[in-house]
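Open your viewer and get ready to click along. We will take the stops one by one, and at each I will tell you what to select.

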Amino acid sequence: MAKPSMKALAQLMRGLDYCLLTTVTSYGHLGSRPMSNNGEVDYDGTSYFFTWAESRAARDIEKNKHVQLNFQAQKRTLFIAVQGEATLTSDREAMEPHWQGSLEQWFKDGLDTPGLTMIQVEARRIKWWGEEEGELELER
């Protein structure tokens, strides 16, 4: 990759499904948990995750929007760190384009599951290491 670009990064991320979402807790500590990123999506700097409105992740984001996503490829050397800002929504119209049927294993009533919320992470800075290294600063 000659010059880091979002398009080139999206190609590297293709097929990466799981990441660790790290939030800042109410005590100022860092809390991480695995989240499914849906590896079939073309990455454009925004990530979407579904969780419960009362989850620790959602409560942390309500108090501090700064988060980090950490990805690691399984079959090649690739590590990606995404620093960003997270928001929450329970608006069905906003969630619908990002819903995948496989999520029903956790949310039995699909988008109608009581307490369902979506985390949207807007990347601000992305750094990756592997066969190729790069860094992107995003202005939003």
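**Stop one: a charged network**

Start by selecting Arg33, Arg56 and Asp60, which a network of salt bridges links together. A salt bridge here is a side-chain nitrogen of Lys or Arg within 4 Å of a carboxyl oxygen of Asp or Glu. Before going on, please note that this is a predicted model, in which local features need pLDDT of at least 70 and side-chain atom pairs count only at pLDDT 80 or more, while totals for chains, interfaces and linings use all residues. Residues are numbered from 1 along each chain as its sequence is written, and side-chain values use heavy atoms, with hydrogens and water left out.

Now zoom in on the side chains of Arg33 and Asp60, whose salt bridge spans 3.7 Å from N to O. Arg33 sits in strand β2 (residues 30-36) and Asp60 in helix α2, 27 residues apart; helices (H or I, at least four residues) and strands (E, at least two) are DSSP runs, numbered from the N terminus. Are these two partners buried or exposed? Arg33 is buried, at 17% relative accessible area, and Asp60 is buried too, at 3%. Buried means under 20% relative accessible area, exposed over 50%, and partly exposed in between (1.4 Å probe, protein chains only).

**Stop two: two more bridges**

The structure holds seven salt bridges, so let's visit others. Select Lys65 and Glu85, where the closest N and O atoms are 3.5 Å apart. Lys65 lies in the loop between α2 and β4, and Glu85 in strand β5, so this pair ties together parts 20 residues apart in sequence. Lys65 is partly exposed, at 41%.

Next, pick Asp112 and Arg92, a salt bridge with its closest N and O atoms 2.6 Å apart. Asp112 is in the loop between α3 (92-95) and β6, while Arg92 is in helix α3. Asp112 is exposed, with a relative accessible area of 55%, and Arg92 is partly exposed, at 37%.

**Stop three: the nonpolar cores**

Select Ile80, Ile119 and Ile126, the residues with the most contacts inside the largest nonpolar core, which has 27 residues. Such a core is a set of buried Ala, Val, Leu, Ile, Met, Phe, Trp, Tyr and Cys residues joined through side-chain atoms within 4.5 Å. Colour α1 (6-13), β1 (18-24), α2 (56-63), β4 (66-72), β5 (78-89) and β6 (116-130) to see the elements that give two or more residues to this core. Which of them gives the most? That is β6, with five residues.

Finish by selecting Trp99, Leu103, Leu111 and Met118, which are among the eight residues of a second, separate core.
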